[in-house]
Each structure stands twice: as structure tokens, then as C-alpha cells.
Protein chains: 4
Amino acid sequence: MPKVGMQPIRRQQLIDATLSAVNELGFGETSISQIAQRAGVSTGIISHYFGGKNGLIEATMRYLLQQLGNVVAEIKAGVDDSPEQRLLAIVRGNFSTPQTDKAAMKVWLAFWASSLHHPELHRLQQVNHYRLHSNLKYEFMKVLPKQRAEQAAQGLAALIDGFWLRGALVSGEIDPALPIQLCSEYIQQQLK
Amino acid sequence: MPKVGMQPIRRQQLIDATLSAVNELGFGETSISQIAQRAGVSTGIISHYFGGKNGLIEATMRYLLQQLGNVVAEIKAGVDDSPEQRLLAIVRGNFSTPQTDKAAMKVWLAFWASSLHHPELHRLQQVNHYRLHSNLKYEFMKVLPKQRAEQAAQGLAALIDGFWLRGALVSGEIDPALPIQLCSEYIQQQLK
Amino acid sequence: MPKVGMQPIRRQQLIDATLSAVNELGFGETSISQIAQRAGVSTGIISHYFGGKNGLIEATMRYLLQQLGNVVAEIKAGVDDSPEQRLLAIVRGNFSTPQTDKAAMKVWLAFWASSLHHPELHRLQQVNHYRLHSNLKYEFMKVLPKQRAEQAAQGLAALIDGFWLRGALVSGEIDPALPIQLCSEYIQQQLK
Amino acid sequence: MPKVGMQPIRRQQLIDATLSAVNELGFGETSISQIAQRAGVSTGIISHYFGGKNGLIEATMRYLLQQLGNVVAEIKAGVDDSPEQRLLAIVRGNFSTPQTDKAAMKVWLAFWASSLHHPELHRLQQVNHYRLHSNLKYEFMKVLPKQRAEQAAQGLAALIDGFWLRGALVSGEIDPALPIQLCSEYIQQQLK
DNA sequence: AATGAATGAGTCTTCATTCAT
DNA sequence: AATGAATGAAGACTCATTCAT
């Protein structure tokens, strides 16, 4: 059944299968046979398209990062220009579906942990880390002096990631309402 | 030459070696031969003392949790009874050495991620998670109405864990001063 | 766009690519993807033209044998009819370019070694082996009694192959002058 | 069945199994499972004792070289001090059992061919190559001027290796009588 | 108490081949 | 004529565990 132009289809198939496997089995227990099985293809195809397991893992993390970036951008596009609204949009983006469904959170956490010992994943994670911080700081600086804006950005970033981490670790599904509310209060407090 | 009373010594040796290995190699790349080598013993001894790799991993996480508990308790013992002081003590405990040295943070993160797929680790992590929240809530309730205290506790717990997570992921050593300051401001804000 | 008359071009392209790959990577590490890549074609084409990897390998060895045969015939054609001159011509042929460039010698050696376990290659190698011997014996028999001619032929063949083998194994390029001189002395000695 | 002090026994077992496998299957087709199976052990043990397939291959070649060295030394010890006798002893050593049984010759050829692309094997092979040459030259120099001795040594070395190579490639068992006789004649010729 | 020899399942990767287009 | 997608077996290697000593 070989066909031409399968590359994008197969790549997405395999990335989806990777997310599913990491979610269900955990990062350490995810083997390429598991992934191939879920994707309904043979193991050899992974090397064919991604050059190996590492390539697939990295592509998967890149996909998640891009997804998050898209969601945030989309929500920001729908609000007016006030810093408060834009900050809130960033918060909402970080707690929107599918960022807060259990599977995604588990995969994120797995990636973060493993990024500590995989240089390429580390690089990707750093980009993400810095992106959140600088987005927040940019908005705070419209209103606050530089140093204060830096602190506010760090605090809000920590608050977001903290809710996020605790959500990933706790049993049961997450209700994003409370995190959003508390972040919102934190923003108003800082902008005051 | 059989030696008597080696058990506690060997156990601690092996736990230390595990921490060192997980820190340096990451959770997924830590094998029992690596651990045994660092401890200067044979691999067989691990099964002998801990029943297997899992047993050692769990004992190591239990050890970390106990350490954290001890530090917090110690700091709390040194402050007066005001909720603000006690909350701040908890914060300080969570950002005290060795909780904030890079090695410990990497190990914690590795444990958290793997706890998602190891029931026993998950149980331990849940205890820790709940302990922080209830400690904070207990103090807030001395001053705030129940629902408000609950929210304040959740916010502060997220702030602590968020700083903590971002610290683990960022390159370079961590300066606990800013997290403590921002947590302190958050506490004052909530108690107002 | 189907092209006509590509067969001889493609076949030679692939044989050249095979020689290049075996020379650079060694026999055991030469894969058809490597060959296809060097030839600038797809892997499928190899099966199409040679029926599989084995077919290509055999065709390549046949090509080398033919090359050697041509060179020897050519040099023999240019000398007078004396046995000494004709024997020397055979020697010169076996040490002429490109037989003595490093790449060719490495490929020959690789083929010989693998011929021990590939019947078809073995057959080709035997033909070559016998051809050298009988060519030499034929000349020696013009001058020497049969048994003596047989021995002289075996000795000279060994001398040629020995220089050749040692040349293949030693580091650096080969100077064919000394082997030719010593073979020449050997011939004179035998013919005396 | 684990016992202590198994290392030398197992190592020799595995080296013997490697020789048997390379002889029967060829270098390229010799897998560690084949070797382990012949030795009657599990595959893991190879990594345990030799660090991997490469380590075993190298140890095996080292073993062969040592064997050859021992045989030559032994035969040299039994002859008087005349250069002719000593040169003949070296020749005899190179054509003595087990150097000339088919299996050993095939293994040697396989090693030589693969040495072209394995640095460590190449190093071992170079040592062997140089050893033969310098042993021969040393004896010739007792009688001949330096340059002539060098040439005689190169010629005799080529003759030895050439007989040897042709013996490895030809079908059927080898009779070392003729090579020894012709080498002997060559020696006498040179010393004259 | 402690060792380290031994196992065998499991992992990732490579590869020759096949085949629809 | 030519491609390259896809397969699945086979390869080397790692690893947690067991066990005789």
C-alpha cells in the first residue's frame, strides 16, 4: 500500500501515537514498538520518517509547543488592547483545552522531566519557558516600572506553572476556573 | 566476613547513590549497576536490602519527603505563633537548602513525573501535595473565612510549586530570595 | 518519463557506486542504501537491474575480473614471444594501475574474503585463481619440464598474490617497482 | 550455576566459539547469538566479559596472533643458529598446524579483510605484518648487505603470505610440503 | 552479609526486499 | 523506467533479577 505524499500524514499519525503512549505508559515505558502499534504501522517507519526514537520525541514536543503557542495567539487576538485583558488572555490560553486535559498535562510533565537530560528537549523547553515570561513582562511593562514588571511577570509565570503542575499531579480532572480566577486577582493586584 | 548492623549504613549508602545517579543521568537512564557502582557495592545487594529497584526508588523518595518535612518543621519551630510568620516559615522551608540546590530539584522533578505511572510513588507524592496545602490552609483559616482560606492556600501552594518548577527547569543555580519575597507579598496581600 | 537504453548506464553507475562504497566502508558495512545514495538513485532500482544486492555484488566482482583480464591481455600483446617477456607482462599487468591503487586492492581483498562463504563469488574467484596459475604454467612449460613448470608457476603466483596482499594490508600507497623487480628476478632464476 | 573464577574459562570458550562461527559462517554472518549458542551460554555474557561484540572479535584476533607467535618461537628454539635454519624455522612455523588447517586460514583471511575498516584490528594486523618482515630481515642481515637483506625479506614474506592466501582461497585441504620446499629454495637462492 | 556470574526478555536500529504509483 | 513507502526480521546491546558460593 505504499503511496506518495504520505509523509505529513504518517508524521502526524506517529506524533499522535506518541502522545497517546506517553500519556498511558509514561515517558520511560514508551517504546517505539508501543508507538508503532498504536499508529498501526511497523517500527521501521519511525526511523524512516524521524531518523529514530529521539527524532520522534523531539517532533512531538515541538508539536505541543506549537499548539500552545497557537492557542495563546488565538485568544489574544480576540481581546482588546488593555494589558489586563491581554494578560488574562495569556492565562486563559495556558488553561484552555486541550492544555488542561489530563493526558496533555501528563505528557508535558514527562517532557519537562526528561528535558533535564536531553539537550534538544532542554532547548525546546527553554524557549517555552522564556516565551511565557517575556510575553507577560511585555504587558506588565506597559503599566509598571521595569523592575516591578519583571517581578510581576515572574510571579504570574510561577502561578500559572504552579497551578499547572499541581493539576498534572493531582488525581481527577482539572477545573480551570479557580486557577484563572486566582491568576486574574493576582494580575489586578499587580496592576494596581 | 559477615558484618552486623550494616543495614542502616548500606541503605543510606544506596539511597545517596540513587540520588546522585538520578541527578546526573536522569530517572530513565539510572540503572541499578550505576547505583551499585556509585555506592561501591555489587548489584545483588540492592535486591537484598530493598527487594528490587522499585523498592530502592521508593525508599529514596520517602527519604526526600522526610527531609523536606524535617526542614519545614524545624523552621516553623523557630518563629512566633502569628499566621504570617508561620506561613512564611513554610515558604522558607520549601526554598531552603538543600531543597533548592540543582541536584535535589532535578531529582524531585524526576520523581514527580514518574509518580504518574508508579502507584506507590504516586501515593507518596499525593501525601506531599496534600500536606503542603493543608499546612497552608490551616494557617490561613486562623484569619480568613474558610472559602477564602482555601483559595489563598491553593494560590500560595501554586506559587511555591511554580517557582520551584521553574527553578528546576532553568539553567544555572537558583536564588531563593525573589521567590521568598514574592510569596511573602502574596501572603500579606491575602491576609489583608 | 521512461527513458530507453538506460540499462548499461545504470548498471555501470551502480557498479561504480558499489566499488566506492566497499572501498570506503568495507564489505560488511556496505548497504544498498549507501550504494543507491552514491549512485544518486533509489534503492528499488537495484533490485530492478540486478535482482537484489547479491546480484549487484557479483556483477561488480565480474567487472573487476574482466578489468584485470583486459589489462593483462593488453600488456601481453605488446611484448615479443619469449616466455620471459610474457611472464613479465603478466606480472606487470597484475601490478598495473588501477590494480594497485589502494581502493581496488581493498575491494579485491573484501571480495576474496567474502567469496569463502558465497558460492557464486567463490566460483568467480576460483576462475581468477586458476587463470593466473595456468597462464604462468603455460609460459614456464615452454622452457621447463612439466613438474618444474608447475612448481615455478605456483611459486610465482604466490609471490604475486603475496606482494599484492601485503600491499593491500599495509598503510599508504604502493610502489609496484619492487614487487616487479623481485618477481622478475624470480622468473629469471626459474628459467635458468 | 554461577561460580567464581569463571572469567578465563568463559573467555576461552567464547573465543573458541567465535573461531568456529567465523570459520563456518564467515565474518559478516557471525552474530553474537551464533557465538553464544555455540558456546552454550546466553548472549548477555559476551558484553559481560568483552564489553561487546567488538571486544570479543579483537580478543579472538589477539589470540590467533599469539598462537602464531608461540608456534614460530617454539620451532625456532629447536634449530641451530645458522640463518638458513632459522629462516626455515620461521617458514615452517607459518605453515604448521593449526595455521594451515582450513578453518584457521579462513578466519585469518576474514580478519585481514575486516581489519581494513576496524582501527583496532588494523593495529593488530600491522604488528603481525611487521613482525614477520623484521624477523626475516634480521636473519638475512647476518649474511647479506642491508639493502639486499631488505629485498630478500620482502620477497620471502610475500612468498609466505602468497602461499598462505592461495591456500585459504583454494578448495580442499592444504599440503604444506610444497610451500615449504619452494620457500626453502628461495632462501637458499637468496643466501647464495 | 555480600558477591558477581548468568540469564533472557526487551530496546532501538538497520537492512534487503517488495510493491503501488 | 523509476521512486520511495512500508515491512518485518535480525542485529547488538542493556538491564533487573536470580542464585551458588
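By what turn and what shift along the axis can chain B be laid on chain A? A turn of 180° with a shift of 0.0 Å along the axis does it, giving an RMSD of 0.1 Å (least-squares superposition on the C-alpha atoms of residues with pLDDT of at least 70 in both copies). That is the relation of a two-fold axis. Within chain B, the residue that comes closest to this rotation axis is B:Gly162, with its C-alpha at 1.7 Å.

A word on the ground rules: this is a predicted model, in which local features need pLDDT of at least 70, side-chain atom pairs count only at pLDDT 80 or more, and totals for chains, interfaces and linings use all residues. Residues are numbered from 1 along each chain as its sequence is written, while chains are lettered from A and ligands numbered from 1 in the order in which they are written.

Where chains A and B meet, 32 residues of chain B and 32 residues of chain A take part (contact means C-beta atoms, placed from the backbone, within 7 Å). On the chain B side, at least two residues each come from helices H6 (102-115), H7 (119-140), H8 (146-169) and H9 (177-191) (helices are DSSP runs of H or I, at least four residues, numbered from the N terminus). H8(B) gives the most, with 13 residues. As for the two copies, 100% of the interface residues of chain B are also interface residues in chain A, so they meet through the same surface.

Turning to chains C and D, 32 residues of chain D touch 32 residues of chain C. H8(D) provides the largest share of the chain D side, 13 residues.
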